[in-house]
Amino acid sequence: MTPEQRRVDPAAVAEGYRRHISRGRARLAEVTGGLVEVASKGVHVWDAHGRRYIDCGGYGVFLLGHQHPKVVQAVGTQLRRHALATRILLEPVAARAAEALAAVAPAGLEYVHFVNSGAEATEAAIKLARAHGKRHLVSTAGGYHGKTMGALSLTARELYQAPFRPLVPDVQHVPYGEAAALEQALAATPDACVVLEPVQGENGVVLPPSGYLTAVQRACRSHGALLVLDEVQTGLGRLGTWWGADREGITPDVLLVGKNLSGGVIPVAAMVATAEAYAPFSRDPFIHTSTFAGSPVACAAAAAAVETIAAEGLVERAARIGTRLRDDLSAMLHEVCPHLVREVRGAGLLIAVELVDEGVAGDLVMELMDCGVLVNHSLNAHRVLRLTPPAVIGRNDTAALLDAVHRAATAVAARHPEPQPQLAERTA
């Protein structure tokens, strides 16, 4: 931490939020003691008091950890050379980043449209579908695709949708993991675009049954539907494979990419598509644009992130570390507090701990923070904690993480003891 970071006043930061950003956010911060994060490096984050945390949160952004030197160097070099483009001339860093991303995407996905966030990628996909005459959107119950207007229409969560109705029309939600339900919906809808996740992240890390993605692709092709696979959270190695699509070897028409594309340094996301699906955007480059999308500095981060994931074998590390960590967490939690844990599940370094209810989950989040670990709850399943540690995590930090979880779970179990069976009444 620098002297400037140590001089941060948490109370002043909270007041700034209260007066100018969000009173609700400021109230929420009071629950955690008004902690303020001021620095990060590798797997760690520091607060204004100098306390260090292992970051297993960040909503899946930090596969490469914080401040990865290769990404920081690429961004710093580009920042000094040419940070933002005029959008009048061609710009080489965007071309390089697109080439790098297309090279690791499922075969056939060749065209890249850069944006600034995962929700923007969803919006671009919706507009691309409309350009093809696909006006009926089919998503899945529990799915999460962002909170901008079109993306929110796909995000099947009444809590987020209710204040903003009416939403985009002609949107249908079918049960996740049930290919027959999707087949039935598409049979009744000749102009459909299907948008779903290969593993539902914000719904609590829900893995579909084996063969589901293959059946989804088959149904879309059979009924002429456009298939959009939302890999904003699952892509670029998070699942221990480059893409969730790779788990069954499918190629969607459109792939949504975000989070890890940033390298944990600069916000950037993308929509990647086949030549046929991308044709409307390819013919008219001004049909869907954004001033800051595909900026040189963001594309420098994207190219460096993709190249570093490949060069350092982070996909393979995510698979290896994730399997071991998931097994260790499951064994520990079912020993320490079996009455509080329903399941530990996941793929790669997308790991869920499902508790018996939201109250216990919230208690464990706070206890983990006290033990020096940051995790996320799941936005569509509040009883599920989500751990997304970086693939660069080492043995010492993995051991420290497991120790912290053990201490936190032990403390929570003491506050939520297992109910004792009632003694049968004695009969006379």
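1. Ground rules. The model is predicted, and local features need pLDDT of at least 70, side-chain atom pairs count only at pLDDT 80 or more, and totals for chains, interfaces and linings use all residues. Residues are numbered from 1 along each chain as its sequence is written, and side-chain values use heavy atoms, with hydrogens and water left out. Helices (H or I, at least four residues) and strands (E, at least two) are DSSP runs, numbered from the N terminus.

2. The sheet of 4 strands. This open sheet has the order E1-E2-E3-E13, and its pairing is mixed. Two strands pair if DSSP finds at least two bridges between them. At the edges are strand E1 (37-41) and strand E13 (373-374), each of which pairs on one side only. Strands of a sheet pair through backbone hydrogen bonds, either parallel or antiparallel.

3. Pairings inside that sheet. E1 and E2 run antiparallel and are joined by 4 bridges; Glu37 has Asp47 in E2 as its bridge partner. The hairpin of E1 and E2 has 2 residues between the strands, and Gly42 in the turn has a positive phi of about 60°. E2 and E3 also run antiparallel, with 3 bridges, and His44 is the bridge partner of Ile54 in E3. Their hairpin has 4 residues between the strands, with Gly50 at a positive phi near 85°. Strand E3 (residues 52-55) pairs with E13 in the parallel sense over 2 bridges, where Ile54 stands opposite Val373.

4. A helix across the sheet. Which helix lies across strand E2 (44-47), E3 and E13? Helix H15 (residues 395-415) does, running at about 95° to E3. Axes are lines fitted to C-alpha atoms, for helices over the stretch in contact, and angles run from 0 to 180 degrees between N-to-C directions. Contact, here and below, means heavy atoms within 4.5 Å.

5. The sheet of 7 strands. This second open sheet has the order E4-E10-E9-E8-E7-E5-E6 and mixed pairing. Strand E4 (111-115) and E6 are at the edges with a single partner strand each, so one side of each has no neighbour in the sheet. On average, neighbouring strands are turned by 20° against each other, direction ignored. E4 and E10 run antiparallel and are joined by 5 bridges; Val115 has Ala269 in E10 as its bridge partner.

6. Helix H9 and its cover. H9 lies across E5, E6 and E7, at about 155° to E6. In H9, Ala181, Leu182, Ala185 and Leu186 are buried (buried means under 20% relative accessible area, exposed over 50%, partly exposed in between, with a 1.4 Å probe and protein chains only). Seen down the axis of H9, these buried residues fall within an arc of 130°, so they line one face of the helix; the arc is that of the directions from the helix axis to the C-beta atoms. Ala180, Gln184 and Ala187 are exposed on the other side of H9. The cover over the buried residues includes strand E5 (136-140), strand E6 (171-174), strand E7 (192-196) and H10.

7. H9 against H10. The axes of helix H9 (residues 179-187) and helix H10 (residues 212-223) come within 9 Å and cross at roughly 10°. That makes the two roughly parallel (angles under 35 degrees count as roughly parallel, over 145 as roughly antiparallel, 65 to 115 as roughly perpendicular and the rest as oblique). Among the residues that meet are Leu182 and Leu186 in H9 and Val216 and Ala219 in H10.

8. H6 against H11. The axes of helix H6 (residues 118-131) and helix H11 (residues 275-283) come within 9 Å and cross at roughly 90°. These helices are therefore roughly perpendicular to each other. Ala124, Lys127, Leu128 and Ala131 in H6 meet Ala277, Tyr278, Pro280 and Phe281 in H11.

9. Val268. Is this residue buried or exposed? Val268 is buried, with a relative accessible area of 3%. Val268 is in the loop between strand E9 (254-257) and strand E10 (269-273). The C-alpha atoms of Val268 and Gly258 are separated by 6.4 Å, although these residues are 10 apart along the chain. Leaving out residues up to four places away in sequence, Val268 touches several others, including Phe114, Val115, Leu261 and Ala298.
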